[in-house]
Amino acid sequence: MPRMLVAYDPSWPEQFAAAAAQLRSHGDPDWVIEHIGSTAIPGMRAKPIIDLAVRVEDAADFETHRSALERSGWRQGSSVRSHPVMLRERDGVRTHIAHFFTAADWDAVNQRILRDWLLENPADADRYRHAKCDAVAAAARGTSSYSAAKTPVIQEIVDRARTARGLPRVEVSDK
């Protein structure tokens, strides 16, 4: 069962800022880093994990800094196939997920597109909020994983958001 969703925490933006500063101090100080995921949406219930999108020039840029990030407490690991992901944990509990996207892919990153759409479209944010709660219930019943249960709603929302930006449809799940 996934960690429970919690009420929006007004400290999440500050937690993001601290994590972004830490990534820049052990990576590249010029990296563009944005807050993504449900903790980036004011009022959204979420698992208390801060998601970050990091724009790197290319795969070599990430690899150049990976060891320093690992020494600072980040570890590589995720079932995501499309880009590198690093995690931070405290007492064995995941607290942060950093997604590293190349500059060439940056404008078409689904996580950024979804965040922007939810911030601008309260009805879809509400729909997503309900899908997340339903996904927790499905996972508790053992009828679906949390991620799989919410993916259809994410796909529909991202499809609309990508169409609005003139981008083609792509699968949101890359695990």
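The side chains of arginine 169 and aspartate 159 meet in a salt bridge, 3.1 Å from N to O (a side-chain nitrogen of Lys or Arg within 4 Å of a carboxyl oxygen of Asp or Glu). Arginine 169 lies in the segment after H5 and aspartate 159 in helix H5, so the pair ties together parts 10 residues apart in sequence. The model is predicted: local features need pLDDT of at least 70, side-chain atom pairs count only at pLDDT 80 or more, and totals for chains, interfaces and linings use all residues. Residues are numbered from 1 along each chain as its sequence is written, and side-chain values use heavy atoms, leaving out hydrogens and water.

**Salt bridges**
- The whole structure holds 12 salt bridges.
- Aspartate 124 pairs with arginine 160, with the closest N and O atoms 2.6 Å apart.
- Aspartate 124 lies in helix H4 and arginine 160 in helix H5, so this pair ties together parts 36 residues apart in sequence.
- Glu34, Arg112, Arg115, Asp116 and Arg165 are linked in a network.

**Accessibility**
- Aspartate 124 is buried at 11% relative accessibility (buried is under 20% relative accessible area, exposed over 50%, partly exposed in between; 1.4 Å probe, protein chains only).
- Arginine 160 is partly exposed at 35%.
- Arginine 169 is partly exposed at 49%.

**Helix packing**
- The axes of H4 (residues 122-141) and H5 (residues 146-164) come within 7 Å and cross at roughly 165° (axes are lines fitted to C-alpha atoms over the stretch in contact; angles run from 0 to 180 degrees between N-to-C directions).
- Helices are DSSP runs (H or I, at least four residues), numbered from the N terminus.

Technical notes: Helix = DSSP H or I, 4+ residues; strand = E, 2+ residues; numbered from the N terminus.
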